[in-house]
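The following note concerns the salt bridges of the structure shown below.

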Amino acid sequence: MTLTLIRAPLAMFALVLLALPAQAQTATVPQSREQVHLSFAPVAKQAMPAVVNIYTRRVVRTASPLVNDPFFRQFFGNQMGVPQERVQRSLGSGVIVKPDGVVITNHHVIRDADEVTVVLADRREFEAKIIGSDERTDIAVLKIDTGGQPLPVLPMGDSDALEVGDLVLAIGNPFGVGQTVTMGIVSALARTSIGISDYRSFIQTDAAINPGNSGGALIDIDGRLIGINSAIYSQGEGSGSIGIGFAIPTTMVKAVLDSITSGGKAVRPWLGAGGQAVTAEMFQALQLPRPTGVLVNAVEPGSPAQQAGLKVGDVILTVNGHEIDEPEGLRFRIATLSVGATAQVTVLRGGQNLTLTAKLLPPPDLPPRDSTDVSGRNPFTGTTVANMNPALAEELGLEKVDPGVTIVRLKRGSIANRLGFQPGDVILRVNDRAIGSVAELRGVLAAGAQDWKVAIRRSGEVLTISVGG
């Protein structure tokens, strides 16, 4: 199987809406032929105007692959180095969520775009401004100025109210065939093994969605926005829908939208604790009725978790009443809250359940990163290194703050790349000198050496690399 982000080329027009049903307590099995013959037409008619097409345009500059070939340069000189420009165009979907022109879509729909155009269902077109885009959650926020013209808006619902089996509708323009409505059910909830974004808790549905639907809306049968379509499983490029699609829940959409519209970028709250899922081999020893929860194995000093009284060895069972089954679920629940909010965390400690209150803060950017691009004749040439801190760890998607000097980026083909270094490696020692900061690393590298001996920590293991001068 292949996981496909459903960004379409221009030929594949896109609009999407998915829907989910009413509250579980009001859902009933049809009792008559008349009930079975009920139509979803009013819901589709209400929702479709608020779903838009998003066109993007990007200018790409490329040089001839023969530019560095001495034979061709002999005949063509510097003309070989003149870059050629070509325009890449693509198409996705979006949802109007505020009457002042705020539009939600996927980050991968507008990524690297030079121009973004929003086309409404009634064919009105507007240039869009990117207010903010968050790669970590694959959510982007756009703004269009209609000059006072009215806009249709899709109201947001509560994705936490969904249940497996709820009905869904997909409304869009897959493959450019024209606006289409499909129906399905919620196949699964809280899918965390899908590598679409760093905060994984997706709604899975079998409603037919296809390339071009990215950024479209997932709605319930009351016409409320429940999620933003993001990806599908496919059996290869161009194979289209096979009945497994994924959407970002509105609990996450709301958090990112609020953060971006208030500050221009997504700022997630920091708990400062991490752990591992409770396995079938562990739950009896922990006095749990079944394998559930996250066993805490790290609490950051001075973090909201420490201030709330969370300890290593606690098992986190719920956050604000939502059951936690694995670390990804814990990260998702914390990320759906706002900075300054409080989280009621239920933990198991010594066979008893305790409720702790954590006031969530933004991750601190201390110690200062001191980000440095390394050059010169040394093993780290081609890397960008920085002092690790909670803010940087959050940006890099690291679950744990590993103090020390960390490689955060690596140039392809560089010396460091050829030696096998990787982003996330923590530099422990260089030529038997302990490295505690970027300043210390710069000093060691500036002194130079004929031979280099480097110790790094990677995934909990210490590796040693020797390089001749």
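The points below treat the basis of the values and then individual ion pairs.

1. This is a predicted model, in which local features need pLDDT of at least 70 and side-chain atom pairs count only at pLDDT 80 or more, while totals for chains, interfaces and linings use all residues. Residues are numbered from 1 along each chain as its sequence is written, and side-chain values use heavy atoms, without hydrogens and water.

2. Across the whole structure, 15 salt bridges are found, a salt bridge being a side-chain nitrogen of Lys or Arg within 4 Å of a carboxyl oxygen of Asp or Glu.

3. One of them pairs Arg-268 with Glu-394, with 2.6 Å between the closest N and O atoms. Arg-268 sits in the loop between helix 5 (250-263) and strand 16 (273-277) and Glu-394 in helix 8 (residues 390-396), so the pair ties together parts 126 residues apart in sequence. (Helices, H or I of at least four residues, and strands, E of at least two, are DSSP runs numbered from the N terminus.)

4. Arg-268 counts as buried because its relative accessibility is 7%; Glu-394, at 18%, also counts as buried. (Buried means under 20% relative accessible area, exposed over 50%, and partly exposed in between, with a 1.4 Å probe and protein chains only.)

5. A salt bridge also links Arg-458 and Asp-425, at 2.8 Å from N to O. Arg-458 belongs to strand 27 (residues 452-458) and Asp-425 to the loop between helix 9 (415-419) and strand 25 (426-430), so parts 33 residues apart in sequence are tied together. Both Arg-458 and Asp-425 are buried.

6. Through shared partners, salt bridges join Asp-134, Arg-136, Arg-268 and Glu-394 into one network.
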